[in-house]
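Hi,

Here is the structure I promised to pass on. Have a look at it first, then read my notes below.

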There are 2 protein chains.
Amino acid sequence: MMRALVFDGKLRFETDHAIPVPQADEALLRIRRAGICNTDLELMAGYKSFSGILGHEFVAVVEQGPEGLIGRRVVGEINVACNQCDYCARDIPSQCRNRTTVGIDGYPGAFADFLRLPSQNLHLIPDTIADDAAVFVEPLAAALQVIEAVHVSPRDRVIVLGAGKLGMLVAQVIALTGAELLVVVRREKQSMLLRRWGIRAVSRDELNPNQAQVVVDCTGQAEGFATALELIEPRGTIVLKSTFHGLPQVDMTRVAVNEIRVIGSRCGPFVAALRLLEAGLIDVEVLVEARYRFDDALSAVEYAAQKGMLKVLLDF
Amino acid sequence: MMRALVFDGKLRFETDHAIPVPQADEALLRIRRAGICNTDLELMAGYKSFSGILGHEFVAVVEQGPEGLIGRRVVGEINVACNQCDYCARDIPSQCRNRTTVGIDGYPGAFADFLRLPSQNLHLIPDTIADDAAVFVEPLAAALQVIEAVHVSPRDRVIVLGAGKLGMLVAQVIALTGAELLVVVRREKQSMLLRRWGIRAVSRDELNPNQAQVVVDCTGQAEGFATALELIEPRGTIVLKSTFHGLPQVDMTRVAVNEIRVIGSRCGPFVAALRLLEAGLIDVEVLVEARYRFDDALSAVEYAAQKGMLKVLLDF
């Protein structure tokens with residue numbers, strides 16, 4: 001039996017969940033630490049009609065699996081791919097046509113004592129990266145997918161909308177390109193952190209329309225795209241990181257007339273995220289807002305759901 | 001005095017409009033032939049709150065202007081640029097920050113006996129291109145902007161949504177790339193034309209979701225984008241040619257999760273359009289649905305506004 005945080009229309013903390021049994025090419029992981037993401041909160045709001053164990057940001061130790069991995073600390077990619085479709089053949093498992101996604105879509109999540117996962121999804125964590133930092137590998141990889149999706153030139157002016165859990169990582173990644181970076185924030189706490197990193201925090205009202213070459217929407221809200229459309233210059237690129245429940249009204253004619261490029265962006269490269277963390281180029285532990293024992297997971301979720309909250313961790 | 005088709009909330013045919021007086025760097029053009037575009041119909045439906053002389057597809061003869069042009073047949077680019085902003089400096093006058101647009105936005109249109117236009121906007125028409133074909137240079141250039149915006153590979157499967165005035169040109173342009181091309185049509189007339197060109201016409205129901213690398217929305221309707229989102233494969237590119245009055249609801253989360261690229265596309269290269277017409281690679285005269293004397297412009301507009309109508313020409 002194991003503990004698990006389950007959502008099936010309502011959220012429940014269970015202590016009698018069955019421990020998963022790994023298949024031949026899978027490992028059994030014992031979760032050490034996990035992070036609460038906005039997607040978890042969106043799933044609880046109805047996004048994707050998810051039912052099951054939540055959670056997809058985690059650090060674990062391998063209990064069963066390939067010999068070289070047993071007892072080692074790992075992070076895990078969250079797309080469980082079929083290895084047979086055209087996307088898998090092109091080595092894009094994050095877009096596998098038959099995928100399930102850990103704690104998001106059709107696959108049990110990491111808010112539990114144990115998780116089974118294909119061994120091919122695992123990445124060893126270098127000793128120099130602490131658990132508290134390693135739990136950020138998944139969201140940092142997602143932030144890196146922005147610069148996989150669009151070439152950010154050091155001559156560009158880039159605006160990041162939203163300085164939440166993901167926006168703070170995207171901002172740090174963009175800052176590394178040398179581009180002029182402005183982050184639209186609403187809270188003084190975020191401004192202070194950004195200033196510490198030498199990143200300019202602004203309010204929406206300070207910005208002129210049509211002046212940015214790249215705008216990254218990390219607001220997680222339907223209104224983010226409308227703001228991005230106002231700030232982006234003609235022929236500029238909007239990167240969409242926001243996923244949410246609902247269908248906003250969008251001025252598609254403005255996209256056509258101003259020849260805007262809109263690029264969706266999802267999961268990113270774990271290996272690059274580990275490299276940047278190991279090099280000390282991304283400051284993540286300062287983003288930890290609170291830490292709860294897993295037994296108090298319900299309180300942790302409640303705390304994380306407050307506006308403007310950064311990362312809430314669960315200790316197992 | 002001259003004749004002019006004016007829209008200011010309602011459509012009027014005037015016979016006592018003042019003949020425009022060209023400035024130093026402008027030419028005075030006598031219109032020979034003009035075409036009615038969907039944008040004209042959208043403007044009459046309230047798009048951009050336009051007021052003035054309509055029309056932006058035309059063939060003309062230069063009456064006053066640079067010596068080498070006088071008496072010659074020309075087509076004219078429709079963006080009247082400032083020559084001073086950052087876009088003009090980058091040689092992208094179609095996105096000039098201070099532009100007006102002939103017959104669309106802040107500049108009198110071509111549905112009149114005379115039009116003044118900056119000489120830099122003019123292109124000579126080779127003798128081998130008849131007036132009836134030359135009137136298609138502007139929309140054919142707009143169709144070519146699709147392959148300026150996105151690289152269509154001969155390995156791609158491309159779907160064109162909408163086989164109207166613009167869609168029929170976009171389809172012919174895409175066919176030249178060697179890509180697998182499917183055009184979604186609603187009417188037998190369009191199907192027959194496409195088959196004549198060796199292009200496959202299909203109905204929406206015949207198509208599987210998530211299977212096209214490129215989808216071009218030429219529907220001119222809000223629903224076009226939703227259909228494009230269903231048909232495009234993950235990481236595929238949707239090109240938006242549609243402009244219309246109104247704000248559709250759009251599933252932006254699908255754009256993010258499937259990492260779709262959406263690219264707006266507006267005016268295109270006249271020089272390339274003239275090359276393709278001169279080479280006989282695009283069949284345009286067959287797209288002429290009807291021809292009206294300019295005196296009957298009101299009837300022509302009424303006729304052009306019917307569903308499924310291809311190009312209606314005005315003879316001056």
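**What I found**

Let's start with Val6(A), which sits in strand β1 (residues 2-7) of chain A. Helices (H or I, at least four residues) and strands (E, at least two) here are DSSP runs, numbered from the N terminus. One thing to keep in mind is that this is a predicted model, where local features need pLDDT of at least 70 and side-chain atom pairs count only at pLDDT 80 or more, while totals for chains, interfaces and linings use all residues. Residues are numbered from 1 along each chain as its sequence is written, chains are lettered from A and ligands numbered from 1 in the order in which they are written, and side-chain values use heavy atoms, with hydrogens and water left out.

Back to Val6(A): is this residue buried or exposed? Val6(A) has 6% relative accessibility, so it counts as buried. (Buried means under 20% relative accessible area, exposed means over 50%, and partly exposed is in between, using a 1.4 Å probe and protein chains only.) Setting aside residues up to four places away in sequence, Val6(A) touches Leu11(A), Arg12(A), Glu14(A), His17(A), Gly52(A) and Ile53(A). Contact means heavy atoms within 4.5 Å. Ser191(A) is 185 residues from Val6(A) along the chain, and their C-alpha atoms are separated by 35 Å.

**Two copies**

How do chains A and B relate? Chain A superposes on chain B by a rotation of 180° with 0.0 Å of shift along its axis, and the RMSD is 0.0 Å. The two copies are therefore related as by a two-fold rotation axis. In chain A, Gln249(A) has the C-alpha nearest that axis, 2.1 Å from it. Both copies use the same surface, as 100% of the contact residues of chain A recur in chain B. (The superposition is by least squares on the C-alpha atoms of residues with pLDDT of at least 70 in both copies.)

**A pair of helices**

Two packed helices are described by the angle between their axes and the distance between the axes.

Which residues make the contact? From α4(B) come Pro139(B), Leu140(B), Ala142(B), Ala143(B), Leu144(B), Val146(B) and Ile147(B), and from α5(B) come Leu166(B), Leu169(B), Val170(B), Val173(B) and Ile174(B). They divide into twelve nonpolar, no polar and no charged. (Ala, Val, Leu, Ile, Met, Phe, Trp, Tyr, Cys and Pro count as nonpolar, Asp, Glu, Lys and Arg as charged, and the others, Gly among them, as polar.) α5(B) is mostly covered, with nine of its eleven residues buried; among them are Lys165(B), Gly167(B) and Met168(B).

Over in chain A, helix α4 (residues 137-149) and helix α5 (residues 165-175) pack at an angle of about 50°, with their axes 9 Å apart. That makes α4(A) oblique to α5(A).

In helix α7 (residues 223-231) of chain B, the buried residues are Gly224(B), Phe225(B), Thr227(B), Ala228(B), Leu229(B) and Leu231(B). Their cover includes α8 (252-257) of chain A, and from chain B β15 (212-217) and β16 (232-240).

Gly220(B) lies in the loop between β15 and α7 of chain B. With a relative accessible area of 19%, Gly220(B) is buried. Leaving aside neighbours within four places in sequence, Gly220(B) is in contact with Glu42(B), Ser242(B), Thr243(B) and Phe244(B).

Asn83(A) has phi near 65°, lies in the loop between β7 (79-80) and α2 (86-89) of chain A, and is partly exposed at 49% relative accessible area. Glu259(B) has a phi of about 50°, is found in the loop between α8 and β17 of chain B, and counts as buried at 4% relative accessibility.

Enjoy exploring!

Key: Axes are lines fitted to C-alpha atoms, for helices over the stretch in contact, and angles run from 0 to 180 degrees between N-to-C directions. Angles under 35 degrees count as roughly parallel, over 145 as roughly antiparallel, 65 to 115 as roughly perpendicular and the rest as oblique.
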